[in-house]
Amino acid sequence: MASGDSFYVTTPIFYVNDVPHIGHAYTEVAADVLARWHRQAGDDTWLLTGTDEHGQKILRTATANGVTPKEWADRLVESAWKPLLETVDIANDDFIRTTDARHETGVAAFIAQLHNDGHIYEGEYEGYYCVGCEEYKQLDDLMETESGDYAGRLLCKIHALPVEVLKEKNYFFRMSDFQQQLLDLYASQPDFVQPESVRNEIIQFVKQGLEDLSISRSTFDWGVQVPWDPSHVIYVWFDALLNYVTAVGYGDPERRDEFRRRWPATHIVGKDIARFHAVIWPAMLMAAGLPVPHRVFGHGWLLVGGEKMSKSKLTGIAPQQITDVFGSDAFRYYFLRAIPFGNDGSFSWEDLSARYQAELANGFGNLASRVVAMVTRYFDGSVPAPGEYLDADLAIQRTVATAASTADAAIERLAIHEAIAAVWTIVDELNGYLTEQAPWVLAKDPTTAARLGTVLYTASEGLRALAVLLSPVLPKATATLWSALGAESALGDLAAQPLRAAGEWGQLPSGSRVSALAGLFPRIEESGPAAAGAA
Ligand code: MSP
């Protein structure tokens, strides 16, 4: 995309019935890396995240804990969900709660418009409902077990818990009217739903025929009231999906320009909720005459022991268990590098530890400290001027230029793992370059002083490019490196470096003053909690 274009990216809004696990943090980190990349590239970026607070699931949890749902939500937002953002270093621009007045007003305005325009009618819903998913279920979505506590009952395939049978008067959204328009959308905008596996599943699902959707409930009152019938509250998903537009001004006449500037968005969601985002949501927007999202990306699941990790199955791991030992940068790097974005991935402490040691500590961290230490030792802390460039130096320049453009193109396709892998070619090439050029040997011979300067300039300038290109993924380590390189005083803030120009050679001025750089990724004590976790 061209610099200055709008890039609005969202995470799902999280249910506040429980505390976050690393699956939730994974979605946050992916969206944050995309946002940081685009922000640093000069795009008009906005990252939205938040919490989903209405519906039966939250109501029941609050009741079981003896508090009102609003009290419960307030408590969880402050004690768990906002702190998650700190834990994994998310630079969000906004945080929306579905209990915010700005959201509730927008939701009421939206549903009123659909009602006035004839997209909503009154009917009766009779069927299954999973409170865990907050979703109306078809028989296909259910399974039966023959043994255990739930023998003979119909269970939700996702939660393995019994579904409820509902029979109530509801309002319905004429979603079936949009079947053809949705199929046309998937055909004309092939990257609307990604990755391919999720896209195929969505198209299959819509081709089978769409039913109208029940969008209100009348047996409890924790939600946004239906404006023309206060005995109903709006179905929690219909309410929740609207956060993406209410947050940027939909429904507020004074924020029309802001809405036009931001919308449509790129939605990053787990593949389990892709249907809501790629079917129901665009149908709602079509009914309201609003533009559909730019893209919906359904990422894979983090698995533990081969199953989707979840709190209810007691396989949940708190993000802090990882960041307390390895730090937030390593968390961000590990999940986005190790798992091709879109695939499922198994988490293991051993794998995390191995990659931390090999790639972050030995690969990148050591490279940075060695180069800074040599500039300190051989050039009194002042980045030398390069002399004549030889083939080996030019090869590094080409690697940097290629890595920068390949990574940008990969981010554009939401292939975050490919972007990181592309940038990592610089780490690997520079390590090989140092081994071959052996600056510590050049330093022993006064006749190779000029060559030593070229080699260490090449290495320092390579690190400059690495700091810029890795800052969306490793914001803390790259900030430390940036100031150790003396780049802060020479070039200004790391965040202000134009990311799409990161591959242009020769930006770090000779004469920049380097300062001591302790290990960017310190050794992890074997006896720490990681070892305990691995046991
Ligand atoms: N509240 C809804 C989303 C509404 S968006 C308008 C919801 N919330 S959630 O808290 O249950 O899940 C939020 C996100 O976390 C989903 O994208 C879900 O896929 C993701 N994950 C939950 N468990 C996960 C894993 N084990 N692995 C990866 N992501 C997982 O759904």
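## A three-stranded open sheet

Three strands form an open sheet in the order E17-E16-E18, and their pairing is mixed. Strand E17 (307–308) and strand E18 (345–346) are the edge strands, each pairing on one side only. This is a predicted model.

Strand E16 covers residues 302–304 and runs parallel to E18, joined by 2 bridges. Leucine 303 has serine 346 of E18 as its bridge partner.

## A four-stranded open sheet

A second open sheet has 4 strands. Their order is E5-E4-E8-E10, and the pairing is antiparallel. The edges are strand E5 (135–137) and strand E10 (213–214), and each of them pairs on one side only.

Strand E4 spans residues 120–130 and pairs with E5 in the antiparallel sense, over 3 bridges. Opposite cysteine 130 stands glutamate 135 in E5.

Strand E1 (residues 6–15) is mostly covered, with 9 of its 10 residues buried. Strand E2 (residues 44–52) runs parallel to E1, and 8 bridges join the two. Phenylalanine 7 stands opposite threonine 45 in E2.

Strand E15 (residues 295–299) is also mostly covered: 5 of its 5 residues are buried. In a regular strand, side chains alternate between the two faces of the sheet. In E15, Arg295, Phe297 and His299 point one way. Val296 and Gly298 point the other way, and all are buried.

Which strands run parallel to E15? One is strand E9 (residues 193–194), joined to E15 by 2 bridges. Phenylalanine 297 in E15 is the bridge partner of glutamine 194. Another is strand E14 (residues 266–270), joined to E15 by 5 bridges. Here threonine 266 has arginine 295 as its bridge partner in E15.

## Helix H10

Helix H10 runs over residues 274–288. Its 15 residues should span 21 Å at 1.5 Å a residue, and the end C-alpha atoms are 21 Å apart, so the two values agree. The helix does bend, by about 30° at tryptophan 281. A proline, proline 282, follows within four residues.

How many of the residues of H10 are buried? The count is 14 of the 15, so the helix is largely enclosed by the rest of the structure. Glycine 289 follows H10 and has a positive phi, near 75°.

## Aromatic pairs

The structure holds 32 aromatic pairs. One of them joins tyrosine 244 and tryptophan 281, with ring centres 6.1 Å apart. Their planes lie at 55°, so this pair is tilted. The pair links distant parts of the chain, 37 residues apart: tyrosine 244 is in helix H8 (residues 243–246) and tryptophan 281 is in helix H10. Both residues, tyrosine 244 and tryptophan 281, are buried. Tryptophan 281 is also where H10 bends.

Phenylalanine 364 and tryptophan 424 form another pair, with ring centres 5.9 Å apart. Their planes are at 65°, so the pair is edge-to-face. This pair, too, links distant parts of the chain. Phenylalanine 364 belongs to helix H13 (residues 349–379), and tryptophan 424 to helix H15 (residues 416–437), 60 residues apart. Tryptophan 424 is buried at 3% relative accessible area.

## Charges over rings

Lysine 82 places its charged end over the ring of phenylalanine 95, 5.2 Å from the ring centre. Lysine 308 lies over the face of tryptophan 301, at 5.1 Å from the ring centre.

Threonine 99 sits in the loop between strand E3 (94–97) and helix H4 (101–116). What is the relative accessible area of threonine 99? The value is 13%; buried means under 20%, so threonine 99 qualifies. Its side chain makes a polar contact of 2.7 Å with the side chain of glutamate 53.

Phenylalanine 238 is found in helix H7 (residues 236–241). This residue is buried, with a relative accessible area of 1%. Arginine 256 lies 18 residues from phenylalanine 238 along the chain, and their C-alpha atoms are separated by 22 Å.

Note on methods
Residues are numbered from 1 along each chain as its sequence is written. This is a predicted model: local features need pLDDT of at least 70, side-chain atom pairs count only at pLDDT 80 or more; totals for chains, interfaces and linings use all residues. Side-chain values use heavy atoms; hydrogens and water are left out. Two strands pair if DSSP finds at least two bridges between them. The expected span of a helix is 1.5 Å times one less than its number of residues. The bend at a residue is the angle between axes fitted to the seven residues ending there and the seven starting there. Buried means under 20% relative accessible area, exposed over 50%, partly exposed in between (1.4 Å probe, protein chains only). Rings of Phe, Tyr and Trp (its six-membered ring) pair if their centres lie within 6.5 Å; planes under 30 degrees apart count as stacked, over 60 as edge-to-face and the rest as tilted. A charge sits over a ring if NZ of Lys or CZ of Arg is within 6 Å of the ring centre and within 35 degrees of the ring normal. A polar contact is a pair of N or O atoms within 3.5 Å; within protein, one must be able to donate a hydrogen and the other to accept it, and residues adjacent in sequence count only if both atoms are side-chain atoms.
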